[in-house]
Amino acid sequence: MIFDTHAHYDDEAFNEDREKLIDEISRSEIRKIVNVGANLVTSQNSVDLSEKYDFFYAAVGVHPDDAAEVTEEGIERLRELAKGKKVVAVGEIGLDYYWNKDNSDLQKTAFKRQIELAKELSLPIIVHSRDAAADTMEILHETDAGNLGGVIHCFSYSPEMALESVKMGFYIGIGGVVTFKNAKKIKESVEAIPLEKIVLETDCPYLAPDPFRGKRNSSLYLEYVVKEIARLKGIDENTVMEQTFKNALNMYNIEA
Ligand code: NI
């Protein structure tokens with residue numbers, strides 16, 4: 001049993017064979033998938049997928065790249081979308097200074113506004129944070145976002161930061177990057193935090209694990225992530241699958 005806590009199956013990379021691939025996934029070890037929105041359109045797409053497929057759930061939110069969409073109308077739209085029965089989180093939201101640091105104020109405002117929305121809706125958050133560790137932690141602390149719970153997705157910071165996030169109340173999302181030979185910090189983070197605080201994610205179509213690095217990713221490749229976590233922690237793969245599955249149900253408040 002595997003839970004993919006972060007996927008983007010509405011991405012155009014799946015346009016040619018989406019139905020076929022999802023059918024194949026439905027007959028694999030993958031039992032649940034959360035499709036994550038990154039703007040207003042993909043949030044709607046995520047809700048649509050959750051209504052179409054039994055084992056799909058949705059998250060609605062605006063990624064820092066599209067922070068300008070977080071107007072009061074944008075928030076109202078997210079609020080409407082969140083009425084979907086299978087919407088389990090607000091995300092992905094956060095800060096990304098890798099591509100754009102000039103609009104950091106806009107990104108911060110959009111992040112905080114969506115944390116507020118998550119509080120109003122009593123939903124956990126999916127945090128995207130790249131090259132913005134200090135500002136992200138500051139906002140999570142100052143808004144008490146740890147009480148909402150959720151995940152620091154595609155975790156890319158130090159083991160110290162992983163432990164601090166866990167202490168605040170967050171899970172750590174681990175995906176394909178952990179299998180890369182040069183992903184030293186992420187491997188160390190996996191070793192440092194308890195298995196009870198790890199959830200699996202693909203972020204597909206991005207970030208395929210070795211030996212598929214650079215190719216289109218899908219939930220079917222999560223077995224390589226499971227293998228690497230098991231190796232790093234010196235435990236068996238079944239334990240990794242079962243515990244991370246439970247963690248994800250807990251995190252998203254989904255009944256088994
Ligand atoms: Ni993503």
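**Strands, helices and a nickel ion**

Biologist: Which residue in strand 7 stands opposite isoleucine 152?

Modeller: Isoleucine 172 does. Strands here are DSSP runs of E with at least two residues, helices are runs of H or I with at least four residues, and both are numbered from the N terminus.

Biologist: What sort of model is it?

Modeller: It is predicted; local features need pLDDT of at least 70, side-chain atom pairs count only at pLDDT 80 or more, and totals for chains, interfaces and linings use all residues. Residues are numbered from 1 along each chain as its sequence is written, and side-chain values use heavy atoms, with hydrogens and water left out.

Biologist: Back to strand 7, then. How many bridges join strand 6 to strand 7?

Modeller: Two, between residues 150–153 and residues 171–174, and the strands run parallel. Two strands pair if DSSP finds at least two bridges between them.

Biologist: What is the strand order in the whole sheet?

Modeller: The sheet is open, with eight strands in the order 1-2-3-4-5-6-7-8 and parallel pairing. Strand 1 and strand 8 are the edges, each pairing on one side only. From one strand to the next, the twist averages 30°.

Biologist: Which strands does helix 8 touch?

Modeller: Helix 8 packs on the sheet and touches strands 1, 2, 7 and 8; its direction makes about 155° with that of strand 8. Contact means heavy atoms within 4.5 Å. Axes are lines fitted to C-alpha atoms, for helices over the stretch in contact, and angles run from 0 to 180 degrees between N-to-C directions.

Biologist: New topic. Which residues coordinate the nickel ion?

Modeller: His6, His8, Glu92 and Asp203 do, at 2.1 to 2.3 Å. Donors are N, O and S atoms within 2.8 Å of the metal (3.2 Å for Na, K and Ca); water is not among the atoms, so sites may look incomplete.

Biologist: How are those donor residues spaced in sequence?

Modeller: As H-x1-H-x83-E-x110-D. Histidine 6 in strand 1 and aspartate 203 in the loop between strand 8 and helix 8 are 197 residues apart, and the pair links distant parts of the chain.

Biologist: Is histidine 6 buried or exposed?

Modeller: Buried, with a relative accessible area of 0%. Aspartate 203 is buried as well, at 9%. Among the residues that histidine 6 touches are Val34, Ile126 and His153.

Biologist: And lysine 246, buried or exposed?

Modeller: Exposed, with a relative accessible area of 53%. Lysine 246 is found in helix 9, residues 237–251. Its C-alpha atom is separated by 8.4 Å from that of alanine 256, 10 residues apart along the chain.

Note on methods:
Buried means under 20% relative accessible area, exposed over 50%, partly exposed in between (1.4 Å probe, protein chains only). Lists of a residue's contacts leave out its neighbours within four places in sequence.
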